Amino acid sequence: MKRKALSIILILLILLAIPPMSACYDSLDVDDIAFVMSIGFDKGEKERFRFTFQTPVLADASGEGKNTESAVLISIEANNLEDAINMANVSLPKRLSTISTKYMIFSEEIARTDEFFIFIEDMIDSNNISNATDIFISKCDAGEFLEGMKGDLISNLPKMQRNMLLEPENSGLFCKCTLVNAYEGLTGKGSDAVIALCDINKDAIAGEEQEKSADSDKSGGGMAVSGMDEEEKGMQKGKEQQDAEDETENTEEADAVKDDGSNGNAEGNVDDNIGDRFAGQLIRKGGLGIEILGSAVFLDGKIADTLNGKDTRLLLMLKGDFNRGIFDFINKKDIRREFGMEIRQFRKPKLDIDLSEAVPKIECKLFLRGFATEDIVELNDAGRRKELEEDVERELLMDIDALMKRLQATGSDAADFANGVKKNFLTNAEWDAYDWKSMYQKAEIDIDMDFNMVKSNLT
């Protein structure tokens, strides 16, 4: 009897041990997984889409033999993301995992079609993509942008990506938008989505390549130069002189574009101020070949308009998401002088909403502080300080009013007034019946500001 009982107990123990052991059947070791940090979405040539997967290159345990490249790119064409991952796994030594993906880059070509919202809608329900993944719109091909996010300057790709996402808090030149933010803004029932723009800076890449070429010539080309005959030396000297003349001519053309009186609101027509530019338009050499600057505002799931860095800052102020940023202003007493000022938003905007009449009326008050980044003599005089405050406030309000007219003309409620208006309705049915989308374009929106200056940004 005892032996029979022991046999039964042993059989039960074996049966209980089987289920946990079955979980090891298809388990993967970490070394067998390629964690995808970024995904690029482009139109395909033979299939509907081209997907680019970016995985980091990791050093071995000893830290030796590390590749100079910071990332590996895998590009494949398919009809959807799941098919692309499955087909990529067939030809890779490791299985792709998107559970840690930080960036999703969509080409502007896709973002201007209905397919963009379909992608977002599919991924919001996916268990393989985090809702906290950040979304960007690339003015170039998304794969080309990811190609620029690699090189000798990036030793730790995940850390670099985290640091880039902190920049909106330091400058406000682009906004942060996650997958869930994009989904909520694209559904069309409230405020509209605002997504950062990115691009490749071809001038910066060209400058970096020229510097590397020059360094190479200096280090390895000395004997070749010394061995040249007089004719070869003359040809080389003539080429260098022609290159110098071409560079001077290009500089003069660039200066002519800057001085043509343009207001910098249209892409390709920019001012000197960094805020008046879009991604890919900064005048620089060296560094990474990529830039994130400006934003795209959406309506009905597609791009309605694009904003440069300055307008993006103003939009963030209206949304209450602006932290701080450096602005340049002209001293009206001496127009030859410009002065820099760090502006901070110290509290959320105050909204007063009146829906009692046929046209909704919204009063939005912003609360800003200005911290001079240089010694301004006028700040020592209370009267002159007041004049400077009024000048800066007037200029900011003028720019914000112009931005609001643009947004209302497109119909995009990117400034997020919908959430404030919605609080005046008791039920979702009443809110839907109000039809905010149509009311928004004819709403009377008045912007006011509480602004004052202090002498130093250290106080």
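Mentor: Helices (H or I, at least four residues) and strands (E, at least two) are DSSP runs, numbered from the N terminus. By that rule the chain has 16 helices and 14 strands. The model is predicted: local features need pLDDT of at least 70, side-chain atom pairs count only at pLDDT 80 or more, and totals for chains, interfaces and linings use all residues. Residues are numbered from 1 along each chain as its sequence is written, and side-chain values use heavy atoms, with hydrogens and water left out.

Trainee: Why is threonine 312 called buried?

Mentor: Buried means under 20% relative accessible area, exposed over 50%, and partly exposed in between (1.4 Å probe, protein chains only). Threonine 312 has 1% relative accessibility, so the residue counts as buried. Of the 459 residues of the chain, 42% count as buried.

Trainee: What makes Gly172 a contact of threonine 312?

Mentor: Contact means heavy atoms within 4.5 Å. Leaving aside neighbours within four places in sequence, threonine 312 is in contact with Gly172, Leu173, Phe174, Cys175, Gly294, Ser295 and Leu307.

Trainee: What joins the side chains of threonine 312 and serine 295?

Mentor: A polar contact of 2.9 Å joins them. The term requires a pair of N or O atoms within 3.5 Å; within protein, one must be able to donate a hydrogen and the other to accept it, and residues adjacent in sequence count only if both atoms are side-chain atoms.

Trainee: Where does threonine 312 lie, and across which strands does H12 run?

Mentor: Threonine 312 is in helix H12 (residues 309–319). Helix H12 lies across strand S8 (194–200), strand S9 (290–299) and S10, at about 55° to S9. Such axes are lines fitted to C-alpha atoms, for helices over the stretch in contact, and angles run from 0 to 180 degrees between N-to-C directions.

Trainee: What makes S4 and S10 edge strands?

Mentor: Two strands pair if DSSP finds at least two bridges between them. Eight strands form an open sheet of mixed pairing, in the order S4-S3-S2-S6-S7-S8-S9-S10. Strand S4 (71–78) and strand S10 (302–307) each pair on one side only.

Trainee: How do you know that S6 and S7 pair?

Mentor: Five bridges join strand S6 (residues 103–107) to strand S7 (residues 134–138), and the two run parallel.

Trainee: Why does the span of helix H13 agree with its number of residues?

Mentor: The expected span is 1.5 Å times one less than the number of residues. For the 29 residues of H13 (residues 382–410) that gives 42 Å, and the end C-alpha atoms are 42 Å apart, so the values agree.
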